[in-house]
Amino acid sequence: MTHIDVRGSATWNLVDEHFRRLHDPVLGRPHRVLEPACSADGSRIAVTGLVYDELAGLPRQACFLVDGTELRPLTGSSGSSRQPCFSPGGAAVAFLSDRAQAGRFQLYLLREGHLGEAEATPAVPGTVEYCSWSPDGTRVLLGVAGLGADLAGGQGSGTTYKPEEELPDWHPHVEAGATEEAWRSLWVHDLAAGATTRLSPDGVNVWEAVWSGPDAVLAVTGTAPDEGAWYTAVLSRLGLDGTLSERARSGVQFGWPAASPSGGRLAVVEAVCSDRWVVAGDLLVGSGDAAPERVDSGGVDVTATQWIDADRLGFVGIRGLETVAAVYDAVTGKTTELWSSTDTSCGTRYPEAAWTADGRVVIVEEGYALPQRVVVLGEDRAELAAISHSGTDYQLSIAGRAEAVAWSAPDGLPLEGILCVPDGEGPFPLVVNIHGGPVWSFRHLWSMLYAWTPLLVAQGYAVLNPNPRGSSGRGQDFARLVFGEMGGDDTADFTSAVDALVERGIADPARVGVIGGSYGGYMSSWLVTQDRRWAAAVPVAPVTNWYSQHFTSNIPFFDALFLDGNPEVPGDKFHARSPVAHASKARTPCLNVAGALDRCTPPTQAREFHQALLEHGVESQLAIYPGEGHGVRAFPAVIDFCTRVVDWFQKHMPATRG
């Protein structure tokens, strides 16, 4: 094995300085906030902050109260804390923390009139992923994952908790299918009794749940705990007496269930999905025992829901490149939009929000040129705490500008994306940055959510962030266009984008590269086998052999669904659409990147393509990060990865001609 150490190189020093200038001014304070929450009257707002105490590892999480333009820690103590949640009356706050044991989150309470630090509730056998208050404020619902449960790809893959190894080095790693630790269950903490008891029965895996009135919960459930089983989960009602009844099932996926305080109305999002927790689609609303029905959301793919009262449902979502906040009135059937923006958005994977009882909405707004700020939207707009400091000033000075672009695929399908360009006039060397999913989408967000984007722009590259067919935000029919077509019609969505930018004088046709993770990693591998225009490629967490992917991934249902194929059929798309089967056609130098802990797209996928390229005389490097999962997320691995990315593009398509 060859070790190419980039530490201490000129590029390493450049990248290291970039991240330190960005993060050092805010060490010990949140550099990013998410999960907005508010009391019903809107007088108290809280968020989860991501905090680096030093530029090492992953950031810890901490809960903060929004105090005017400032963020004030909600609670002290060590460890991470997240997901603050106000009781219906607003006097108490529930949150999750791993202060007792790193990596295992449990429920803590801060109650008005009780002195001292947060109150620990009885520990549950697992790690708590989410919580919510009962409508009467007497109980808290807990979604609990076993300590061997899978994480979704968007969470970085791997499992919920990695205990300290007590076995000798020679001991084998043994797998025997789903174990007891792989299941997800529901528990209820009763404040008066001080007791926490299990609600969900054995044999039922609960992916997500909310209260549905005082005596039941609305949940997305399945009969198996493996990540692939989520794709066929159903919507269920689970009574506190243990009775389970199915409310709806679908040929696609469910997410974001919500119920009115009395339980008389329910809502859920039905969507074509690539990954759990990445759900954007049609809004379904129902009442009583009737099956929920699709309602008019104004063309918005809904990504978060909350019942404001018995009849009004708040939701946020995306419509093309636009982020929208709106209210649906279940009595009149009308949707009223409160806010929309194409230059800014909110949320990380997708837009998220919290709602007050009078219909105001709390978001964390941001854009490529706008650092995060907490905003309350209603008749008036209130801008509160902002994540703004010399580090964000620095990034704004080097990140260029972002603008919407549109083009047409060869079959006439109109497409759009966001182009980030450096100062000056083109043509620029162009890097096409392909998002994961495939059902996800680029929006105007800080850094475009990819650390490499402003970094590449600062080096003189234009970065195109396209939303090809299959992306969210344009309705379910558009999302379904990628079904059975990965590596088919979507291929030309990217090449036609390059053609359009070359024709407009923005891109230099001799200096065009591609990068992407997950589905973006697959397409980065696939494109170089289909077209030799690419000067350099960086597939990250890719799929390169659908056949071996099916039998080594923790989501085999995904590829069978999105390829619409069968791995046992010779010549099927499992084979025909695999980059390794076409490696002889490639001439593009490839930097193949993977995480050793990735269960979603195992690192063997990157290795297969790397070795196939070498076999055909194509320049290739393979970088497998031992502590990473689905993507590279922790420092200093991020510095190393970005150093290799910049070096790779500078070597094969330099930003300045010699």
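Contact means heavy atoms within 4.5 Å. Helices (H or I, at least four residues) and strands (E, at least two) are DSSP runs, numbered from the N terminus. The model is predicted: local features need pLDDT of at least 70, side-chain atom pairs count only at pLDDT 80 or more, and totals for chains, interfaces and linings use all residues. Residues are numbered from 1 along each chain as its sequence is written, and side-chain values use heavy atoms, with hydrogens and water left out.

Start with the whole protein. Its secondary structure comes to eleven helices and 37 strands. The radius of gyration is 24 Å, close to the 26 Å that the globule rule gives for 658 residues, so the protein is as compact as a globular protein of that length. That radius is taken over C-alpha atoms, and the globule rule is 2.2 Å times the number of residues to the power 0.38. Along the principal axes, the C-alpha trace spans about 70 × 55 × 55 Å.

Next, burial and surface. Buried means under 20% relative accessible area, exposed over 50%, and partly exposed in between (1.4 Å probe, protein chains only). Of the 658 residues, 60% are buried. The protein exposes about 25000 Å², and carbon and sulfur atoms supply 50% of that area. These areas come from the Shrake-Rupley method with a 1.4 Å probe; for residues, only the protein chains shown count as cover. Contacts reach along the chain: among those between residues at least 6 apart in sequence, 58% join residues at least 24 apart.

Now helix H8, residues 556-563. Its buried residues are Phe558, Asp559, Leu561, Phe562 and Leu563. What covers them? Strand E17 (253-259), helix H7 (546-552) and helix H9 (573-576) are included in the cover. Asp564 follows H8, and its phi is positive, near 55 degrees.

A pair of aromatic rings is described by the distance of the centres and the angle of the planes. Here, rings of Phe, Tyr and Trp (its six-membered ring) pair if their centres lie within 6.5 Å; planes under 30 degrees apart count as stacked, over 60 as edge-to-face and the rest as tilted. The whole structure holds 18 aromatic pairs. In one of them, the ring centres of Trp230 and Tyr231 are 5.2 Å apart and the planes stand at 70 degrees, so the pair is edge-to-face. Trp230 is buried at 2% relative accessibility. Tyr231 is buried too, at 3%.

Tyr231 has another partner. With Phe557 it forms a stacked pair, 5.7 Å centre to centre and 25 degrees between the planes. Tyr231 lies in the loop between strand E14 (216-222) and strand E15 (234-239), while Phe557 lies in helix H8, so the pair ties together parts that are 326 residues apart in sequence. Phe557 itself is partly exposed, with a relative accessible area of 33%.

Turn to Gln605, in helix H10 (residues 604-615). Gln605 is buried at 0% relative accessibility. Leaving aside neighbours within four places in sequence, Gln605 is in contact with Pro542, Val543, Thr544, Asn545, Ser548, Gln549 and Thr552.

Ala382 sits in strand E29 (residues 381-386). At 30% relative accessibility, Ala382 is partly exposed. Not counting residues up to four places away in sequence, Ala382 touches Val374, Val375 and Val376. Its C-alpha atom is separated by 44 Å from that of Asn554, 172 residues apart along the chain.

The loop between strand E32 (428-434) and helix H3 (452-458) holds His444. His444 is buried at 7% relative accessibility. Its contacts beyond four places in sequence include Thr342, Asp343, Glu366, Tyr368 and Glu403.

Finally, the backbone. Most residues other than glycine have a negative phi, and most peptide bonds are trans. The peptide bond from Gly437 to Pro438 is cis, with omega near 15 degrees. Another cis bond joins Gly426 and Pro427, with omega about 5 degrees. Pro427 lies in the loop between strand E31 (414-421) and E32. Ser447 has a positive phi of about 65 degrees and is buried at 10%. Trp277 has a positive phi near 70 degrees. Trp277 lies in the loop between strand E18 (265-271) and strand E19 (282-287), buried at 15% relative accessibility.
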